[in-house]
Every structure is written in structure tokens, then in C-alpha cells.
Amino acid sequence: MKKITVPVLEMSCAVCANNVENEVRSIPGVDSATVNFATNTLTVSFDPKKTSLLQIKSAVQAIGYDLVIEENNREKIQEKAEKQHYQSIKKRTIAAWILSIPLMGISMTIMHQNWANWVMLLLTLPILLFCGQSFYINAWKQFRHKSANMDTLVSLSTIIAFLFSLFNTIYPDFWTKRGLEPHVYYEAAGMIIAFVLLGKLMESKAKNNTSSAIKKLMGLQPQTAHLLTTEGEKEVPLNILKPGDLIRVKPGEKVPVDGIVFDGNSYVDESMISGEPIPVEKQSKDKVLAGTINQKGTFSITATQVGTQTILSQIVRMVQEAQGSKAPVQRIADKISSYFVPIVIIIAIITFIVWLLVGGNDFFSYALLSAVSVLVIACPCALGLATPTALMVGIGRGAENHILIKDAFALENLCKVNCIVLDKTGTITQGHPAVTAEIWLQTPDTEMLSVLLSAEQKSEHPLALAMTDFLLKKEIQPISVTSFQSLTGQGITVEYNKNSFWVGSLKMAAEQTTTFPESVKPVLKQWQNDGQSIVCYGKQNRILAIFALSDPIKESSKYAISSLQKKGIEIHLLTGDNRHTANSIALKLGIKNIQADALPSSKEEYIKTLQNKKKFVAMVGDGINDSQALARADVSIAMGKGTDIAMDVAMITLITSDLSLLSKAINLSRRTVRIIRENLFWAFIYNIIGIPIAAGLLYPICGILLNPMWASAAMAFSSVSVVLNSLRLKWIKIN
């Protein structure tokens with residue numbers, strides 16, 4: 001199966017999204033299809049052997065819409081089309097209001113003059129034929145395919161109002177002979193178009209703001225690169241680059257591809273990936289990522305990943321797919337939207353009939369006005385936009401804060417979590433050993449330190465790297481040592497100036513007939529109880545120093561766990577380490593629930609046990625070793641490590657591996673779900689209250705009848721209000 005997200009053009013409302021979705025799903029070879037009205041995108045999974053993107057595009061075009069399937073510059077084509085669409089709406093909106101204002105003025109002042117009807121007719125025609133042209137074209141396309149959408153409602157309401165007014169302008173005697181006054185409603189037809197266009201203009205502008213996060217991410221990618229060839233340096237577009245190309249990156253430029261430094265050196269700002277504000281030094285053989293910013297130096301890189309294969313492109317694609325996905329709650333709104341327009345048309349017909357049955361011909365105008373108002377005020381767009389706009393902003397806000405959310409399901413369900421299971425290594429701790437304490441039994445001189453560094457640089461033991469890093473930070477310089485020997489399970493020995501030096505375990509220290517001073521023994525026992533590794537360093541049969549090494553707890557872990565516990569979330573520590581190490585870590589972090597010596601299968605069983613106790617469980621791990629447990633959890637969260645992001649494993653990835661982001665992610669989920677519920681509530685309430693009022697419910701009570709003009713204003717406002725409410729997420733604090 002091939003999965004791809006492509007832009008959809010020509011959609012005007014949520015019903016359009018349903019139409020495209022249903023059409024694509026019906027194509028043989030298509031496994032799944034989801035259309036997001038807020039992002040105007042189609043995410044489709046299909047079998048390339050049975051169908052193709054071109055066939056899917058043809059099917060979508062047949063029902064009046066279009067897809068952008070070009071491989072290169074897909075987003076730019078969509079952006080250009082959306083800009084043209086926005087400018088078109090803007091032009092038609094301005095024209096509609098220029099004509100509608102005098103139209104409304106005449107209808108309110110000199111409407112009883114016969115000549116005024118002809119002037120209003122002349123003002124209304126360009127509004128309908130030019131400004132509202134797209135509504136009628138789209139409605140006709142829908143009618144031909146036995147479907148209906150918002151354009152159908154706007155077209156029906158304005159055509160009915162216009163034709164009734166045209167009849168009364170040409171044949172006023174039809175009504176006067178029956179003792180009735182011939183009313184015209186040109187202003188209703190004109191103002192409906194004007195208000196709906198204004199609403200669409202505001203909606204388009206607001207929807208554009210909801211996708212600002214993805215545009216920021218895409219903006220990190222430069223448009224060109226300096227390609228080094230046998231003929232010299234050439235500035236070329238990114239789409240012609242391929243792995244193995246040699247590319248020069250100059251001061252202040254963005255790195256165009258993922259690659260390895262070939263020559264030169266500089267400092268690179270990697271904050272967009274790592275979250276760290278301090279630039280990282282890059283030298284030969286170091287890896288650099290697309291979108292990161294070179295500082296002052298110049299270097300050349302060998303491209304390893306280009307185009308859509310770069311880490312930045314993968315992040316952009318993941319965010320796009322997440323924004324295009326549907327939350328479970330949206331299925332309800334989609335179901336209602338699919339039946340919405342036919343039901344509204346039926347209600348409008350019933351309204352017209354009831355008015356005539358109650359009042360007879362005398363109430364014909366009221367019956368017509370009420371039916372038109374029902375058609376106009378009903379709005380499927382508010383229902384269709386309620387969930388996706390909030391998800392777009394929420395998922396985008398997460399990406400800006402280094403929280404990659406894979407789909408809407410994860411964002412919606414994260415707020416339900418009441419139990420979080422944390423892996424230790426790489427989640428709570430740094431994920432690699434470091435020297436945490438040292439005791440020198442003899443004042444160290446330059447020779448002692450240099451010999452220790454040289455010996456550890458020759459060792460392949462995992463703890464040797466930690467010792468090397470520790471000594472290099474002290475600016476110790478290595479020296480030439482001889483007779484290097486590795487003793488399996490014990491340590492290493494070297495010679496310098498005819499003296500034997502050794503580095504190893506407590507067992508090795510004992511075999512060197514070395515005795516520890518009594519003052520050191522309690523400290524050693526405490527280190528062992530804490531689960532720390534101990535490295536001894538000696539000369540001949542004398543011990544010089546003792547080092548404690550462990551996987552240090554991240555600075556943010558304690559605050560993060562405390563913050564989660566304050567939210568009422570139960571924290572569990574799950575680790576493959578021994579009980580001593582687990583207890584020591586748990587004690588420092590205030591974790592009461594511990595499971596040590598856990599194998600991958602037992603981690604999964606542990607989560608199943610919690611779920612059987614009615615816990616809604618989130619598992620946080622490295623995304624690879626904990627894959628079984630992650631798959632079992634209700635919400636799976638991976639700790640990203642720069643380029644080693646486990647995006648395919650977990651629902652959510654914390655790119656910077658900072659556990660404090662988890663609390664932010666939960667806050668973001670809670671805020672987003674609350675706004676979705678608010679949007680759906682107001683969208684439902686708007687239609688539940690608005691349609692009966694438009695039908696004339698208030699007329700027998702207090703003599704109020706809703707004018708179609710104000711019904712169209714209410715309809716336009718309902719969609720805009722939902723989008724604006726979603727945009728609040730951009731400014732709400734999620735700390």
C-alpha cells in the first residue's frame with residue numbers, strides 16, 4: 001500500500017469534503033481515504049498495482065473538484081491556487097457589498113415605488129451573475145452527481161428570492177387583483193450573496209492562520225543549494241540534488257540536505273531539531289541536518305538524504321498527515337454533515353407548506369421568506385470545521401514546541417491518560433554513563449591524569465568513553481603509553497616510564513593486592529547500593545583514585561514527574577536494571593511504583609495489568625527497545641534523540657528527549673479537546689436554535705420573522721466564530 005497526502009481544490013464546505021472522501025473510497029484499490037476540510041487535503045492509502053494517483057484525480061474531477069498530484073512543489077501549487085481563490089473571493093466580496101449597500105438602502109426607503117423595483121433588479125443581477133457565480137456552478141455540479149452541499153442551499157435561497165421578486169416586478173397585477181401587495185426581495189438575494197462571501201473571505205483568512213505552524217516548518221528548507229561540480233560551484237534548485245552530491249554551505253545559510261561534513265568547520269544552530277539554543281561545532285565526518293542554520297564558517301557536505309527523505313521533510317510530512325487525520329469525535333459531525341443539506345431542504349419545504357396551511361395565500365410572502373431563511377441559516381460548515389481547525393492548531397502548536405503528534409487520535413486521547421509508565425534509560429536518564437563522583441587517594445599530578453586518559457582512549461569498554469569525556473573536559477592531554485593489555489571482565493593495564501598502571505573493577509583492584517582505606521569503604525558501599533558502577537585506578541600495587549559512574553538523571557526529569565503527579569497522574573518506573581538502581585532512581589524522583597529487571601515481554605504484561613485495573617495508560621520509552629510495551633499502551637510516546645527519532649513507533653514523539661514536554665503535551669491535549677467540544681456545542685446549538693427561528697417559531701409568540709439577509713449574516717458568522725475559537729490555541733499557555 002502507498003500512503004500519500006495531496007491538496008484538494010474547489011471545496012466550499014464540509015459536505016464537499018465528504019463527497020470527495022466517499023468518491024475516493026469507492027475506487028477499487030483504495031484502502032482508506034480521509035479528507036480534511038480545514039487543511040484542504042486528501043490522505044489516501046492505495047495499492048499502486050490496482051489504481052494510481054492519476055485515476056484518483058480523474059474520479060475527483062468528475063464530481064467537480066480537483067487534486068494536486070505533482071511530485072515537485074505540490075505545496076506551492078496549492079498555496080498559489082489558494083491565493084488566487086482568496087483574491088477572487090475578495091474581489092467578488094467587495095463588488096457584492098458595493099452593489100448591496102445601495103440595494104438595501106432603496107429597499108428600506110423607496111421600496112413602494114414601481115421604478116425602484118427595476119433599479120433593484122439592475123443592482124441584483126451583477127451580484128448574482130458575477131459575485132455569486134461560483135455558488136451556482138458548484139450547485140449545478142452537485143445536482144448532476146445527485147449530491148448537495150452548502151452551495152446548493154445558497155443557490156436555492158437566492159434563486160427563489162430573485163425569481164419571486166422578478167415575477168412581482170414584471171406582473172405586479174397578479175397580486176393586486178387579489179387584494180395583496182406585491183413584495184420584492186432583491187435585497188435578500190443580494191445580501192445573502194454578500195454576507196456568505198464575506199464569511200467565506202474571513203473563514204479563508206482564518207483557516208490560513210491555522211496552518212501557520214506547518215508553513216514555518218516548510219520555511220526552514222532553503223530553495224537552492226551550492227552544488228560543487230568538476231566545472232565549479234553552481235547554485236541549483238533542491239529538486240535536482242541526489243545522495244552523494246557535494247554541497248557548499250556558506251555563513252548564514254540554511255543547510256539544504258542531510259549530510260556528512262566533507263571539509264571545513266563551523267558552528268551550526270540546530271535548535272529547530274534539538275531545542276538547544278547553543279550552536280553545535282561541526283567538523284569533518286560530523287552529521288548535519290537540513291533546515292539547520294550555519295553560523296560564521298564555511299564547510300562542504302556530502303549529501304546523504306535529499307528532498308522528501310531529510311529529517312525535516314519527515315517531520316513536515318508527519319505534521320501534515322497528523323493535521324489531515326480525523327479524531328474519533330469528528331466522525332459524528334461528518335455523519336451529520338452527510339445528511340445535513342437534504343434534511344434542511346425538506347425542513348424548508350415543510351416550513352413553506354405549514355405557513356400556507358396556517359395563513360393561506362395572505363401568508364405567501366411570509367412562507368417564502370421563512371423557507372429562504374431556513375435554507376440560508378443552516379450551515380454544515382460550522383460542524384465540518386469544529387474539529388479539524390482545532391486539531392490543526394493544536395498539532396501545529398505541538399510541532400512548534402518539539403512535540404510531534406502522529407495523528408488526531410493521539411491528541412484526543414492523551415488528555416484521558418491517568419497512568420504513565422516511564423522507561424528509565426534514555427527517558428528519565430541521559431541514556432549513557434557519565435562520571436558522577438571521584439575520590440583521589442593521592443594528589444593527582446599531570447602524569448597520573450594523562451596516563452589515565454591515554455589508557456581509557458585505548459579501551460573499548462562502554463565505561464571508558466565516559467571516563468575519556470570526563471578527562472577531556474578537564475583539558476587533560478594524552479601521552480604515549482606502552483604494553484596495553486585488556487583483561488576480560490576486569491580492566492586494562494599499560495606502562496609508562498617503566499611503571500605499571502591499571503584501570504578496572506573492584507575485582508581487579510583486589511587482585512592487585514590493594515587495600516582500601518577505612519574512610520573510603522562506607523562511600524563505596526553507598527555507591528554500590530545506589531547501583532553505580534565503580535572504576536578503580538592504580539599504579540603498581542597502590543590505588544590512586546576511585547570513580548563512580550552511572551547513567552545520570554536528566555535535569556528536567558524531577559520537575560517533569562512532579563508536574564505530572566500534580567495533575568493526578570500515577571507514575572510507574574519500568575526498567576531492565578536491577579532493584580538497587582531502580583530504587584535509587586525512584587527515591588530521588590518520588591516515584592512509588594517500580595518494576596525492575598523487566599524484559600520486553602514483561603513490560604508489555606505490566607501495562608496489560610494496569611489496563612485491567614481500568615487505567616488509561618501512556619507508555620514513554622525510546623521507541624525501539626520498548627516497542628512491545630509501546631504497542632500495548634493506550635497512548636505511546638517516544639523520546640526522540642535528534643536524528644534518531646522513533647516516528648514510526650509511537651503516536652507522539654518528544655523530539656528533544658526532554659520529559660518536561662510530556663506535561664506540555666497533556667496540557668495541549670486537554671486545551672485542544674476542550675475547544676473541540678466548545679466548537680461542536682456551538683455548531684449544534686446554532687443550528688438547533690437558528691433553524692426554528694428562521695422557520696418562524698417566534699412569529700406567533702412576539703411577531704418576529706427573521707429576514708433572510710440576517711439569516712445569511714448569522715450563517716457566515718457561525719463558521720468564522722468556530723475558526724476564531726480554534727485560533728485561541730495559538731496564544732493559550734501550555735506550560
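The structure described here is a predicted model.

## Helix α25 and Asn-667

Asn-667 is found in helix α25. Its relative accessible area is 13%, so Asn-667 is buried, the limit for that class being under 20%. The side chain of Asn-667 reaches the backbone oxygen of Ile-734 at a distance of 3.1 Å. Not counting residues up to four places away in sequence, Asn-667 touches Lys-567, Ile-734 and Asn-735.

Helix α25 covers residues 660–695 and helix α27 covers residues 708–727; their axes come within 9 Å and cross at roughly 170 degrees. Because angles over 145 degrees count as roughly antiparallel, α25 is roughly antiparallel to α27. On the α25 side the contact is made by Ile-675, Glu-678, Asn-679 and Tyr-686. On the α27 side it is made by Ala-711, Ala-714, Met-715, Ser-718, Val-722, Asn-725 and Ser-726. By class, the residues of this contact divide into 6 nonpolar, 4 polar and 1 charged.

Helix α27 also packs against helix α13, which spans residues 364–377. Here the axes come within 8 Å and cross at roughly 10 degrees. Angles under 35 degrees count as roughly parallel, and α13 and α27 are therefore roughly parallel to each other. From α13, the residues involved are Leu-369, Val-372, Ser-373, Val-376 and Ile-377. They meet Pro-708, Ala-711, Ser-712, Ala-714 and Met-715 of α27. This contact divides into 8 nonpolar residues, 2 polar and no charged.

Ala-711, Ala-714 and Met-715 of α27 are listed in the contact with α25 and again in the contact with α13.

Cys-381 is found in helix α14, residues 380–400. With a relative accessible area of 0%, Cys-381 is buried. Apart from residues up to four places away in sequence, Cys-381 touches Ser-12, Cys-13, Ala-14, Met-150, Lys-200 and Ser-719. Between Cys-381 and Ala-598 there are 217 residues of sequence separation and 51 Å in space, C-alpha to C-alpha.

Thr-310 lies in the loop between β13 (299–305) and α11 (311–324). At 0% relative accessibility, Thr-310 counts as buried. A polar atom of the Thr-310 side chain lies 3.3 Å from the backbone oxygen of Gly-307. Leaving aside neighbours within four places in sequence, Thr-310 is in contact with Gln-221, Val-257, Asp-258, Ala-290 and Gln-305.

Asp-407 is placed in the loop between β14 (403–405) and α15 (408–414). Its relative accessible area of 26% makes Asp-407 partly exposed. The C-alpha atoms of Asp-407 and Leu-369 are separated by 45 Å, with the two residues 38 apart along the chain. Leu-369 is one of the α13 residues that meet α27.

Ser-483 has a positive phi of about 55 degrees although it is not a glycine. Ser-483 lies in strand β17, residues 482–487. Asn-497, a residue other than glycine, has a positive phi near 55 degrees. The place of Asn-497 is in the loop between β18 (491–496) and β19 (499–504).

The table gives accessibility values for residues in this report.

| Residue | Relative accessible area | Class |
|---|---|---|
| Asp-407 | 26% | partly exposed |
| Phe-681 | 45% | partly exposed |
| Ser-483 | 47% | partly exposed |
| Asn-497 | 54% | exposed |
| Trp-682 | 54% | exposed |

## Aromatic pairs

For rings whose centres lie within 6.5 Å, the count comes to 19 aromatic pairs. One of them joins Phe-681 and Trp-682, with 5.1 Å centre to centre and 75 degrees between the planes. Planes over 60 degrees apart count as edge-to-face, and the pair of Phe-681 and Trp-682 is of this kind. At 45% relative accessibility Phe-681 counts as partly exposed, whereas Trp-682, at 54%, counts as exposed. Elsewhere, ring pairs link Trp-440, Phe-470, Phe-501, Tyr-537 and Phe-547 into a cluster.

Terms used. Residues numbered from 1 in each chain as written. Predicted model: local features only at pLDDT ≥ 70, side-chain atom pairs only at ≥ 80, totals over all residues. Heavy atoms only, no water. Helix = DSSP H or I, 4+ residues; strand = E, 2+ residues; numbered from the N terminus. Buried < 20%, exposed > 50% of the residue type's maximum accessible area, 1.4 Å probe, protein only. Polar contact = N/O pair within 3.5 Å; in protein donor to acceptor, adjacent residues only side chain to side chain. Contact = heavy atoms within 4.5 Å. Axes fitted to C-alpha atoms, helices over the stretch in contact; angles between N-to-C directions. Parallel < 35°, antiparallel > 145°, perpendicular 65-115°, else oblique. Nonpolar A, V, L, I, M, F, W, Y, C, P; charged D, E, K, R; others polar. Phe/Tyr/Trp six-rings, centres within 6.5 Å; stacked < 30°, edge-to-face > 60°.
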